[in-house]
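Thanks for coming. I will go through a few parts of this structure, so please have it in view.

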Amino acid sequence: MRLILIGPPGVGKGTQAAMLEARLGVRPLSSGVIFRAEIDADTDLGRLANSYIKRGELVPNGVTIEMMGKRIRSEEVRKQGFVLDGFPRTVRQAEALDAMLEEMNMPLDKAVSIEVTDEVLLQRLSGRMGCTKCGEIYHSITKPPKREGICDKCNSPLFVRSDDLPETIRERLRVFQENTTPVREHYRAKGMLFVVNGADEPEDVYSQIVNGAKG
Ligand code: AMP
């Protein structure tokens, strides 16, 4: 399966990508997760990316395309398929991805647009926490951990992303509307887009995605 998940921050792309991996063995490739790993490892790319990420701005297209291209071309991804989360975020990135997949003779199955209102997003993002070790996602209201600040699954400490602060969240939503709405339209024009309701329960969203990907 080769899918793109398109949707604003907090809509549940990461949750759905993890479900697709656990149940179907599809490889999740999240540009945000990869950038954060580069930042933690203090690489040149990580330092460059962080200067944009901490302001809620997009990392420039050139480095982003190169970074994702390397992963998409890897042997594992060729075999297992992929679910892209957070990439492509601009039309330039979408065009680069389309060209790369055509050259590799690996057509995309579908682009999935996960949609919800801004109010729901603000509420979800402002309580979000993640595990530093296994990546499990929690929420202070809808999915609190059993012990405060500790992961239920692996007992590691939880963290709040520095870009999940209210001012940065607003900027990320604005940047999403401006850059990524045209990406959705790009795939709609190609007849590859389908829309799912991100306000539904994760299991329902998952079924909508898997059924839509077949169609
Ligand atoms: P995310 O985890 O997808 O919300 O990404 C966190 C941040 O990483 C974004 O706010 C951007 O600054 C940066 N980022 C992630 N993916 C991309 C992308 N495809 N293009 C440019 N910047 C990105």
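Helix 7 passes helix 8 in a right-handed crossing. Please keep in mind that this is a predicted model. Helix 7 covers residues 118-126 and helix 8 covers residues 166-189; their axes come within 11 Å and cross at roughly 135°. That angle makes helix 7 oblique to helix 8.

Which residues make the contact? On the helix 7 side they are Asp118, Leu121, Leu122, Leu125 and Ser126. Helix 8 contributes Ile169, Arg170, Leu173 and Gln177.

Three strands form an open sheet in the order 6-5-7, and the pairing is antiparallel. Strand 6, residues 137-139, and strand 7, residues 158-159, stand at the edges; each has a single partner strand, so one side of each has no neighbour in the sheet. Strand 5, residues 128-131, is joined to strand 7 by two bridges. Within that pair, Cys131 has Leu158 of strand 7 as its bridge partner.

Is Leu5 buried or exposed? Its relative accessible area is 2%, and since buried means under 20%, Leu5 counts as buried. Leaving aside residues up to four places away in sequence, Leu5 touches Lys13, Gln16, Ala17, Val83, Leu84, Asp85, Gly86, Val112 and Ile209. For one of these, Ala17, there is also a distance: Ala17 is 12 residues from Leu5 along the chain, and their C-alpha atoms are separated by 8.2 Å.

Technical notes: Residues numbered from 1 in each chain as written. Predicted model: local features only at pLDDT ≥ 70, side-chain atom pairs only at ≥ 80, totals over all residues. Heavy atoms only, no water. Pairing = 2+ DSSP bridges. Helix = DSSP H or I, 4+ residues; strand = E, 2+ residues; numbered from the N terminus. Axes fitted to C-alpha atoms, helices over the stretch in contact; angles between N-to-C directions. Parallel < 35°, antiparallel > 145°, perpendicular 65-115°, else oblique. Left-handed = near helix turned anticlockwise from the far one by under 90°. Contact = heavy atoms within 4.5 Å. Buried < 20%, exposed > 50% of the residue type's maximum accessible area, 1.4 Å probe, protein only.
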